[in-house]
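Dear colleague,

Please find below the structure that I am handing over to you.

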Amino acid sequence: MRHILSFLIVLACLPVCARAADLDVHVRTARGAPVSDAIVTVEPEARTPAPLRFTQPLAMAQRGLQFDPFVLVVPVGAEVRFPNEDPVRHQVYSFSPTKTFELKLYGKDQTRTVRFDKAGVVSLGCNIHDQMVAFIKVTDAPFAVKTDASGHAVLHGLPVGRATIRVWHPYMKSPNGEQKLDLAIPRTGSIAQSFTAELRTPAMRMPGY
Ligand SMILES: [Cu+2]
């Protein structure tokens, strides 16, 4: 019995014990202002069969005549809900090649679901409210997280070895809106990495047109 127990403990420990390092990322402008809503993804050289780790709910709400969140990261194949929490109707659309769709007008407390089956960026709008803008980053990386209001993000339990870190923001002044870096992930502990990103000012859309 003891042997079986030890074996089970080893089995249970394997995915965790072999993947113990944390990555601590800060994204700031050259003047030190925090960059929130940046998506940090990690692609380890040695791909593991471990499940994808996404901490955000797969939902893009319409609330207060805005999308919430402004940026959402989802894995390829995700079914994303679009709940309408406003007392008015919305007509959500995307012209992006990653996923082109239009949801017919729907009202308060109703929701629709869209499946995102290709990696890339989806830019969202609403046909009724031009100020509504949001982005969905569809990724095939096994680790992804978004920077918070202080430009900070942490990824836990990364596998040891070489990995490619990417930081993307819809308004980043870089090719494809992203920067990338190769890093060595240690077996344990935590590594810190800072990124400097400049953001462009988004073009304002005229309300009501
Ligand atoms: Cu709307």
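Strands β2 and β12 run antiparallel and are joined by 4 bridges; two strands are taken to pair if DSSP finds at least two bridges between them. Helices (H or I, at least four residues) and strands (E, at least two) are DSSP runs, numbered from the N terminus. Within this pairing, I39 has K146 of β12 as its bridge partner.

The model is a predicted one, in which local features need pLDDT of at least 70 and side-chain atom pairs count only at pLDDT 80 or more, while totals for chains, interfaces and linings use all residues. Residue numbers start from 1 along each chain as its sequence is written.

β2 also pairs with β14, in the antiparallel sense and over 6 bridges. Two of the partners in β14 may be named: T41 is bridged to R166, and P44 is bridged to A163. These strands belong to an open sheet of 4 strands in the order β12-β2-β14-β15, with antiparallel pairing. Because β12 and β15 (178-185) stand at the edges with a single partner strand each, one side of each is left without a neighbour in the sheet. From one strand to the next, the twist averages 20 degrees (axes are lines fitted to C-alpha atoms, for helices over the stretch in contact, and angles run from 0 to 180 degrees between N-to-C directions).

A further open sheet has 5 strands in the order β5-β11-β10-β7-β8, and its pairing is mixed. Its edge strands, β5 and β8 (101-102), each pair on one side only. β10 and β11 are paired in the antiparallel sense over 6 bridges, with L124 opposite A134 in β11.

As to the chain as a whole, the protein has 1 helix and 16 strands. Of its 209 residues, 26% count as buried, that is, 20 or more other C-beta atoms lie within 10 Å of the residue's own, with C-beta atoms placed from the backbone (12 or fewer: exposed; in between: partly exposed).

The largest nonpolar core holds 40 residues, and A38, V40, V42, L124, I136, L155 and L158 touch the most other members. Elements giving two or more residues to this core include β1 (21-28), β2 (39-44), β10 (120-126) and β13 (152-158). Such a core is a set of buried Ala, Val, Leu, Ile, Met, Phe, Trp, Tyr and Cys residues joined through C-beta atoms within 7 Å.

Yours sincerely
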